[in-house]
Structures are given as C-alpha cells and as structure tokens.
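Please look over the model shown here.

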Amino acid sequence: MTQLTTDNHQSRPIISVRNVTACYGDEIIIRDISFDVRAGEIFAVLGRSGCGKSTLFKVIVGLLQSSSGEVIVDGEPVSEVMEDESEKMLRKIGVLFQSGALFTSMTLAENVALPLRRHTDLPEKTIENLVHLKLSEVGLSGYGGFLPAELSGGMRKRAALARAMALDPKILFFDEPSADLDPVTSAELDQTILQINRSLGTTMVIVTHELASIIAIADRAIMLDREEKTVIGEGRPADLMKSEDPRIRDYFNRTPASRAPLSDDVDVPERAVVGPES
Ligand SMILES: Nc1ncnc2c1ncn2[C@@H]1O[C@H](COP(=O)(O)OP(=O)(O)O)[C@@H](O)[C@H]1O
Ligand SMILES: [Mg+2]
C-alpha cells in the first residue's frame, strides 16, 4: 500500500479474518468469512439474531477454534496466541460481553482494578490512579465506591467498559452493547464509545442487530446472513443502506415481510426508510 494519508492508522488492518468457517458439532454456523478491520476504526458486525455474529466474535477473540481459515490480530495468528501468549492477547483485546457482568459484591473501583491486579505487577497507588482515570474516561468519576446494584443499567455498562479498558487494549470488542438498554441510554453509550475511539484511537468492533447505533457511529460494517451463513455486504453504513441487495435493504428498512421478532425492533430513522412501497 502506498496510500498517502495523514490518517495513517485508518488504513492498516489490525484484524484480518481469512476464509473462516466455524461449526458447533457437525453444524456449520459461519462459512468462508473474510474481512479486515482497520486500525482505529469503529467496525460493526450486523445481521439478524442467529446469523452467527457472536460465533464470529468468539473465533476472533480466540474463545472458539475455527474449523478452517485464520484470524490475524495485530500481526499474530489468534489460535497460537491463545495457546502460548494469552497474556499478551488480553492486553490487545478488551472484551465487553452482552451481559457485561460486573462482580456484584465488588465496588466499581474493585471491578476495574481486577484485570490490573491479575495481569500486572503495578503498585497499589498506580492501580488506584489508573482506576480513577478509566472511570473518568467513561464518565463515572466519583462512582468508584459504588456497588453495581446501586447504579443504572447504562452506568453498569460503562463500568464494564472501563474494566475492559483497564489494560489499555488496542482493540475493544462489544457483543450487543445496547441490549437491555433503553434508546436514550443506548445513545449515551454510543457517544461514550465514539469519544473513546476518537480520543484514544482504540479500534472498536461492535456486534449488534441495532440500526440506530450503527448509523450513528460505525465507520464501516459487514452484514451476515443466516441462510447464506456468510458476509453478504460490506461498506460504510450509509452505502450499505443503499444496497441493491434486497436482503440488505430489508434489514435496514425492516419491511413487514422480513420483520424480525419484537426483541429485534428499534426505531428506524426517517431517512433510512427508502424501500419499496408496502
Ligand atoms: N454453543 C452452541 N452450540 C450449538 N449451537 C449454537 C451455540 N451457540 C450458538 N449456536 C447456534 O449458532 C447459530 C448462531 O448463533 P449466534 O452466533 O449466537 O448468532 P447471533 O449472535 O448472530 O445471534 C444459532 O443457530 C445458534 O442457535
Ligand atoms: Mg449474539
């Protein structure tokens, strides 16, 4: 690549997924998937429930072994990393799972300190300072002494984000970050994600079935399809929305014929509704 740009970090792939196929038992869940995530971007993995988003997520972070293909994260093949150098990998990828599970008997500060205590030899005072910094990065300054149960759902999510960021990962993974949040809280979380991406340059990979979120913050996205079991579209959300492919258009338009179950519903912005008359 000889592309000249001041925004150099935007063009280098930090994650390369090459011809990945993954199965549970005999059943193929995702097939021959390839794409790159560029360093510094917010990248979304879209698709309806059950299309294999979480499965792909697990393969990328090394929790599930693919049956063929490979994943390279920051220059290193994932499966090998997980066997030999899982410590190093943990510093590269921070993961926020759907449940976002904080330890309920620990304060926010203790939750955020946990990975620092486990994976570093930093002195206690430094850990305290880092915890303070991480909590302020997600807008939770002054909440370190609170227990998760004393906070709102949105605040718990942000605390889980602070914990995922504790070791300064180059990449943050989110699996359905807005699940179980109301639209306003979910939009606030989007803004926090965007802010962290812009200020720290952290690459973000967001797995979601929500539209509002993606249109607002993702630089690029891929869409998976349950029937095809693979990627059916890739590009900027604004371009995907204009796709000729009826499956992709339907996804963005949520036409009644393809309407997903209620839990999948989100408000579609006015400008997204460009499909055929119904
Ligand atoms: N541990 C598992 N064992 C067997 N099948 C699974 C397992 N996890 C998910 N599946 C199946 O794999 C498919 C894709 O699931 P998943 O990756 O969770 O989709 P998504 O995250 O897009 O909703 C679904 O049909 C689901 O039932
Ligand atoms: Mg999932």
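## Basis

This is a predicted model: local features need pLDDT of at least 70, side-chain atom pairs count only at pLDDT 80 or more, and totals for chains, interfaces and linings use all residues. Residues are numbered from 1 along each chain as its sequence is written, while chains are lettered from A and ligands numbered from 1 in the order in which they are written.

## Overall make-up

The protein has 10 helices and 10 strands (DSSP runs numbered from the N terminus: H or I of at least four residues for helices, E of at least two for strands). Of its 278 residues, 36% are buried (20 or more other C-beta atoms within 10 Å of the residue's own, C-beta atoms being placed from the backbone).

Contacts pair residues whose C-beta atoms, placed from the backbone, lie within 7 Å. Among those between residues at least 6 apart in sequence, 65% join residues at least 24 apart.

## Core

The largest nonpolar core holds 65 residues. Such a core is a set of buried Ala, Val, Leu, Ile, Met, Phe, Trp, Tyr and Cys residues joined through C-beta atoms within 7 Å. I60, F173, A221 and M223 have the most contacts inside it. Beyond its neighbours within four places in sequence, A221 touches F43, A44, L46, I214, P237 and L240.

Helix α4 spans residues 108-119, and its buried residues are L108, A109, N111, V112, A113 and L116. They pack against α5 (124-137) and α6 (153-164).

## Ligand 1

Around ligand 1 sit Y24, I29, G47, S49, G50, C51, G52, K53, S54 and T55 (C-beta atom, placed from the backbone, within 6 Å). Helix α1 (residues 53-61) gives the most to this shell, with three residues.

Key: A residue is buried if 20 or more other C-beta atoms lie within 10 Å of its own, exposed if 12 or fewer, and partly exposed in between; C-beta atoms are placed from the backbone. Two residues are in contact if their C-beta atoms, placed from the backbone, lie within 7 Å.
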